[in-house]
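Keep the viewer open as you read.

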Amino acid sequence: GGLIDTLPERLTLAKTNKLSHAEFLHIALGDEVLRRDTTSADRRARTAGLDPTMTLAHWDDTANVTYDRAMWDELCSLRFVDAANNAIIMGPVGVGKTFLATALGHIAARRRTSVHFERADHLFKRLRVARLDNSSDAEMRKLLRVDLLIIDDFALSAFDATGTADFYELVVERHRRASTVVTSNRDPAEWLSLMTDPLLAQSAVDRLKSAAHELVVDGESYRDRQRPTV
């Protein structure tokens with residue numbers, strides 16, 4: 001297994017430091033536990049649809065963006081997930097909202113929390129298509145079952161009647177039962193005008209906001225720094 005990769009190094013360490021057999025075994029088995037935990041977390045992150053490059057270790061903390069660091073630390077603690085609360089990450093294009101939401105997903109995956117990440121337009125299109133083969137109930141149950149649902153780029157465009165109804169059902173069924181993270185370029189007050197049924201929209205948005213931490217990210221687009229140079 002994975003022990004064989006670190007075994008020569010650990011044997012050398014044991015001889016150099018005159019470790020007992022029990023101490024050597026403790027270190028060797030610790031390597032195996034760490035390897036299994038890392039492999040398991042990577043597998044859960046892939047299943048969740050998380051970008052492997054968007055972790056806290058890759059976050060550029062020197063970027064010219066501002067946000068409430070205390071609020072971000074609170075979100076990273078995942079206490080909001082334990083309490084079945086939500087998080088809304090808002091800000092202009094390119095400030096790293098998707099990155100921060102994905103990083104939260106990776107933290108949750110490492111803690112063996114079930115996570116699903118999906119862009120909003122893909123999610124609601126998939127639910128609409130699922131109605132054609134009567135699989136929409138099964139797809140909705142999967143989304144309701146997950147501990148942390150991350151909906152990225154929410155409310156970029158208007159919702160049709162089906163999308164509004166699906167959003168309402170997701171929010172209402174997950175309210176105070178499981179956590180949802182939403183990233184958006186718009187304030188929640190603007191979401192209402194994009195939905196076809198004002199009553200369903202207001203009911204859903206009110207529930208989502210009432211249980212949500214809000215993190216506002218502002219600054220320059222990081223994509224400007226990725227522009228190719230000669």
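Helices here (H or I, at least four residues) and strands (E, at least two) are DSSP runs, numbered from the N terminus. Before we use that, some housekeeping: this is a predicted model, where local features need pLDDT of at least 70, side-chain atom pairs count only at pLDDT 80 or more, and totals for chains, interfaces and linings use all residues. Residues are numbered from 1 along each chain as its sequence is written, and side-chain values use heavy atoms, with hydrogens and water left out.

Now take α8. Buried means under 20% relative accessible area, exposed over 50%, and partly exposed in between (1.4 Å probe, protein chains only). In α8 the buried residues are Gly 163, Thr 164, Asp 166, Phe 167, Leu 170, Val 171, Val 172 and Arg 174. Their cover includes α6 (120-130), α7 (136-145), β4, β5 (179-184) and α10.

Let's follow α10 (residues 198-210). It packs against α8 (residues 161-174) at an angle of about 35 degrees, with the axes 9 Å apart; axes are lines fitted to C-alpha atoms, for helices over the stretch in contact, and angles run from 0 to 180 degrees between N-to-C directions. Contact means heavy atoms within 4.5 Å. On the α8 side it is made by Thr 164, Ala 165, Phe 167, Tyr 168, Val 171 and Val 172, and on the α10 side by Leu 200, Ser 203, Ala 204, Val 205, Arg 207 and Leu 208.

Next, look at Phe 154, which sits in strand β4. Why does Phe 154 count as buried? Because its relative accessibility is 1%. Leaving out residues up to four places away in sequence, Phe 154 touches Ala 120, Phe 124, Phe 159, Phe 167, Val 182, Thr 183, Ser 184, Trp 191 and Met 195.

Finally, the cores. A nonpolar core is a set of buried Ala, Val, Leu, Ile, Met, Phe, Trp, Tyr and Cys residues joined through side-chain atoms within 4.5 Å. The largest has 30 residues, and Trp 72, Phe 80, Leu 148, Ile 150, Val 181, Leu 215 and Val 217 touch the most other members. Helix α5 gives the most to this core, with six residues. Apart from it lies another core, of 26 residues, including Met 90, Ala 120, Met 140 and Val 171.
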